[in-house]
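Here is a short report on one protein model. Look over the sequence and the 3D view, then read on.

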Amino acid sequence: MMTGIPPITPMMPGLGIVPPPIPPDMPVVKEIIHCKSCTLFPPNPNLPPPATRERPPGCKTVFVGGLPENGTEQIIVEVFEQCGEIIAIRKSKKNFCHIRFAEEYMVDKALYLSGYRIRLGSSTDKRDTGRLHVDFAQARDDLYEWECKQRMLAREERHRRRMEEERLRPPSPPPVVHYSDHECSIVAEKLKDDSKFSEAVQTLLTWIERGEVNRRSANNFYSMIQSANSHVRRLVNEKAAHEKDMEEAKEKFKQALSGILAQFEQIVAVYRSASKQKAWDHFTKAQRKNISIWCKQAEEIRNIHNDELMGIRREEEMEMSEEETEETTETKETEESVAQAETLKEENDSLRWQLDAYRNEVELLKQEQGKAPREEDPNKEQQLKLLQQALQGMQQHLLKVQEEFKMKEAELEKVKDDKLQVEKMLENLTEKESCSTALCTSSQDSECPSEKTPNTSPIKSEREALLVGIISTFLHVHPFGASIEYICSYLHRLDSKICTNDVECLLSRLQHTFRQEMTGVGASLEKRWKFCGFEGLKLT
């Protein structure tokens, strides 16, 4: 290796297609390069870097100018072969040449030598010296190779995208076999099997859409359609079973929720009993704080579960009301259908009787016609034709009426089945309603005793009870009492709408809890309120 050229490292500019930019503050230090036949001297570091043209795409060829007049191709190879593998050198007689390298990053290494002064041997002759100027060169071979490379990358990208689309594309359905008697028998057997029913139905649908049905295969297709129809009842039964499971799950959920609510009520009752004065005084401040926080959390969770249970009950009541309205409409429809069926029966009977009468008349006329000659009474033939036409019309009308009667009978049977199902559902709903009413009555009975106790306390509202608690706490902290203005100033921090007169009336009403005393002498005479709740408890 030549001395002076740094070894190739991954961080060295030129290993990539585009070299990283050199910071402007960082000086580039170039050293003397010694070769076998020549010596390269670095340019003045104070001079600006040599100018270069814009880099062509896929550039692998450089222009080297400023060569010595006595420079040979061997010297050029000796200088630039350290930058990389040289493919071709085109030397001109005018002291310049073009060098084509094997890779693009080698061009950046060759540009490093731009600005160096070259001297052949130890001679100082002008013909043996020169100043190298290395720049990018535009070559058709480089451009062609670059375009080929870009086209190859584009093909690879298209192939990658196509493979990605094929990977993300949903799989195509399996191919359906063509119709034949053998395949028809296989599909017919699969239609009878519940596990293979969906696959067989898809095959049957494809055959029908392809137009495989003809006179020869119509019976086979009809039998397959009939076997497909036999699964309707199975599907309806499965749906009913799932609905039953869902109702049972709802009932279990409701029962579990009611049990959870009962336990929450017990927990809240424990917290409330612990908050009473008899037990509350024995707890520390931290314990009291924890108990109050736990009580609030339990009450919130209980209210949420209670709202959920009430919502379930409301939904059940709405469903019951909707079913009652549907039952009333269905009963009306059944009554109308029964009345229509009775009228159609009467019409059918009357038409049959008329048809029998016409048939008897026709038979009598035929007998008379056979006895007497046709020429004697030509009017009888006309009457016979008219009677035959009337008979045909009556027969057609009778057929229509019979068809309508059959349809109405089928509707009547269907309505009767629906009525039986509705009655069964009504019985189940009444049982559920009785159970829910029993639960509601039990819960109301547990809640009623607290409501039945007469409200004889002097505290009229929840707001007053809250004020009493706050004032009693405040006065308990002030054992020597406090004036009404001092108490109201403390309460105004919590609620600015509190009136002094209302507070004084409330304190005067609770004589066993609060007591007013006169303190001071002369001008410093002042009315103060004191907390005497514990003394009131002793008296009671």
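This is a predicted model: local features need pLDDT of at least 70, side-chain atom pairs count only at pLDDT 80 or more; totals for chains, interfaces and linings use all residues.

The protein exposes about 39,300 Å² (Shrake-Rupley method, 1.4 Å probe). Carbon and sulfur atoms supply 55% of that area.

Residues are numbered from 1 along each chain as its sequence is written, and side-chain values use heavy atoms, without hydrogens and water.

## Overall fold

## An open sheet

4 strands build an open sheet in the order β4-β5-β3-β8. The pairing is antiparallel (strands pair if DSSP finds at least two bridges between them). The edge strands, β4 (86–91) and β8 (133–136), each pair on one side only. From one strand to the next, the twist averages 20° (angles run from 0 to 180 degrees between N-to-C directions, with axes fitted to C-alpha atoms, for helices over the stretch in contact).

Helix α1 (residues 73–80) packs on this sheet. Helix α1 touches β3, β4, β5 (96–101) and β8 (contact: heavy atoms within 4.5 Å). Its direction makes about 140° with that of β4. Strand β3 (residues 61–65) pairs with β8 over 4 bridges. F63 has D135 in β8 as its bridge partner.

## I225

I225 lies in helix α6 (residues 218–229). I225 counts as partly exposed because its relative accessibility is 44%, between the 20% and 50% limits.

How values were computed. Buried means under 20% relative accessible area, exposed over 50%, partly exposed in between (1.4 Å probe, protein chains only).
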